[in-house]
Amino acid sequence: MTASDPDVPMILRGAFASHALSTDPAELDAHSVDKGPLEHWQVHRPRAVVFPESTQDVQKLVRLSAEHGFALITRGAGTSVSGGANTTEGSVVLNLARMNRILAMRPEDEVAVVEPGVINADLNAAAAEHGLMYAPDPASYRISTIGGNVATNAGGLRCAKYGVTRDSVLALDVVLADGTLIHTGQATFKGVAGYDLTSLFVGSEGTLGIVVGVTVRLRHLSEHTETIAAFFEELTTAAQGVLEIGKARVQPAITELLDHNTMLALDEAQGSDLAGRGNTLLLIQTDGHGAAIEAEIIREVLRGLGALVSDPGSTESERLIELRRHARGDGVVTEVRVGEDVAVPRSKLVDYIRAIEGLAEEHQVQLKVVAHAGDGNLHPTFSVPSAELSPGTAPETTANDDAASAARPEGTSVTVDPAADDPAASAMLRLNAALDGSVRLALEMGGTISGEHGIGTYKLRWLDWEQSEEVIAVQRRIKDVFDPEHRLNPGRAIL
């Protein structure tokens with residue numbers, strides 16, 4: 001150790017109580033990765049993990065970071081699937097999980113104030129006691145934190161009607177890179193004083209500041225919901241059904257699409273019998289006092305397209321909503337997968353699905369499609385049987401938020417020699433060619449490389465496919481203003 005390389009663990013021990021600091025190797029290793037895809041050379045053991053319990057603790061750590069020059073990786077539940085919370089060399093992890101209090105619940109204003117470590121499901125449970133809900137509901141809502149949801153501008157099943165996280169965040173308390181605490185936004189639904197810094201921080205993946213408080217808008221929790229399961233023989237017909245529902249001027253709370261391969265995987269993992277009833281499932285939920293009326297309109301539209309549609313009052317449909325949250329590969333140990341989180345204009349949904357079906361055929365890989373079809377956010381997953389990969393070639397096993405027991409993380413690639421006459425190398429090249437092609441197709445159709453998971457470290461390779469040099473340069477200048485030494489979540493979100 002040199003004078004320019006301070007003993008960071010020792011410095012932290014002098015500042016934090018033992019229960020708020022860990023240098024245990026197992027703890028460090030657990031915090032070195034999230035649920036995103038990483039190559040082995042990208043895994044770095046952090047110097048320490050700090051568990052602040054107050055805003056003052058966060059400020060103290062940030063000021064030590066500024067004084068001694070070490071990077072801070074902010075983390076909640078670690079459910080990022082894009083590498084938003086994996087550590088960088090020499091960094092310290094700031095784990096906000098213990099800042100998990102609901103500070104205020106104001107039902108008459110339909111507002112709550114929470115710390116970043118509050119679990120999404122816990123906030124919803126507290127709001128439900130007052131007949132309210134927090135609308136954003138990512139598939140990981142039972143374990144993901146509000147702070148993490150804010151960092152990635154998380155989406156979920158209800159986005160088409162209620163919007164993404166940004167649409168439910170009114171104000172933020174943020175610790176800046178020098179330890180200064182600022183408050184942005186208002187506790188009112190309307191407010192246009194000054195620049196919209198709140199929206200700037202939402203989705204910035206911890207690169208501009210550390211969120212220590214969130215004021216969220218709550219919505220009315222509907223006493224009336226109707227859930228519809230519609231089975232189609234053709235995937236593209238089901239996608240067309242989404243557009244026809246829109247033409248009928250009905251706005252469901254949830255509109256989810258699952259293709260046949262996804263249903264097969266669900267049947268195997270969950271004991272359901274979806275795949276025998278059709279090739280594609282559209283799962284739709286209406287809410288509000290007009291839920292039954294809207295549901296009947298939707299049933300009529302979908303029957304007109306030849307769908308097998310569930311009857312009113314079906315109890316199975318509610319269970320299918322929960323199954324959908326596990327629809328991206330639970331328990332699949334016989335395949336290696338790469339997948340993504342793209343979004344396209346809803347009018348391009350049918351075209352996009354047809355195009356990626358062609359990609360799968362071209363590259364001789366299997367395809368599963370799960371989509372938040374109501375807002376055009378798709379999760380195509382390409383796979384090959386594990387048997388095609390020789391021992392030691394397959395990516396290391398980790399999980400993602402939608403598939404806690406998945407064999408490999410989505411998007412995982414391995415370094416192979418393209419010239420090698422190796423079936424395993426060929427399989428991985430085919431998978432990644434299909435993945436890149438799916439991203440390019442989304443962009444060609446006016447879409448985006450990330451609908452809800454963020455850029456993290458993994459998707460940086462595609463960012464300049466979507467954004468111009470000028471836009472990327474502006475973002476770099478913004479980063480320089482808020483974090484001139486690039487100590488906050490370095491190496492992610494922007495190039």
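The second largest pocket in this predicted model holds about 380 Å³ of space. A pocket here is an open set of points on a 1 Å grid over the protein atoms alone, with protein on both sides within 12 Å along at least five of seven lines. Its volume is the space filled by probe spheres set on the points, which are joined across faces, edges and corners. Of the 20 residues that line the second largest pocket, those closest to its centre are Asp 137, Arg 158, Leu 221, Gln 285 and Arg 325. A lining residue has an atom within 4 Å of a point. Helix H4 (120-128), strand E7 (132-133), strand E14 (280-287) and helix H11 (316-324) each give two or more residues to this lining. H4 gives the most, with 4 residues. Helices (H or I, at least four residues) and strands (E, at least two) are DSSP runs, numbered from the N terminus. By type, the lining of the second largest pocket divides into 9 nonpolar, 5 polar and 6 charged residues. In this count Ala, Val, Leu, Ile, Met, Phe, Trp, Tyr, Cys and Pro are nonpolar, Asp, Glu, Lys and Arg are charged, and the others, Gly among them, are polar.

Two notes on the model apply throughout. Residues are numbered from 1 along each chain as its sequence is written, and side-chain values use heavy atoms, with hydrogens and water left out. As the model is predicted, local features need pLDDT of at least 70 and side-chain atom pairs count only at pLDDT 80 or more, while totals for chains, interfaces and linings use all residues.

Two residues from around the centre of that pocket, Arg 158 and Gln 285, are also touched by Ile 254. Ile 254 is found in strand E13 (residues 254-259). Its other contacts include Leu 157, Leu 283, Ile 284 and Ile 321, not counting residues up to four places away in sequence; contact means heavy atoms within 4.5 Å. Is Ile 254 buried or exposed? Ile 254 counts as buried because its relative accessibility is 3%, where buried means under 20% relative accessible area, exposed over 50% and partly exposed in between (1.4 Å probe, protein chains only). The C-alpha atoms of Ile 254 and Tyr 162 are separated by 9.7 Å, although the two residues are 92 residues apart along the chain.

The largest pocket has about 600 Å³ of space. Its lining is made of 28 residues, and Arg 166, Gly 203, Ser 204, Glu 205 and Gln 475 lie nearest its centre. Helix H7 (197-201), helix H14 (460-466) and helix H15 (469-482) are the elements that give two or more residues. H15 gives the most, with 3 residues. The lining of the largest pocket has 10 nonpolar, 13 polar and 5 charged residues.

Rolling a probe the size of a water molecule over the atoms shows where empty space is left. The structure holds 4 cavities of 30 Å³ or more, a cavity being a set of points where a 1.4 Å probe fits but cannot get out. The largest cavity has a volume of about 600 Å³. It is lined by 43 residues, and the closest to its centre are Gly 147, Gly 148, Asn 149, Ala 151 and Thr 152. Strand E3 (72-75), helix H5 (146-152) and strand E10 (210-217) give two or more residues to the lining, with H5 giving the most, 6 residues. The lining of the largest cavity divides into 13 nonpolar, 23 polar and 7 charged residues.

Strand E3 leads on to a sheet. An open sheet of 4 strands has the order E1-E2-E4-E3, with mixed pairing; two strands pair if DSSP finds at least two bridges between them. The edge strands, E1 (21-22) and E3, each pair on one side only. E3 and E4 (residues 92-95) run parallel and are joined by 4 bridges, and Thr 74 stands opposite Leu 94 in E4. E2 and E4 also pair in the parallel sense, over 3 bridges, with Val 50 opposite Leu 94. In a regular strand the side chains alternate between the two faces of the sheet. Both faces of E4 are covered: Val 92 and Leu 94 on one side, and Val 93 and Asn 95 on the other, are all buried.
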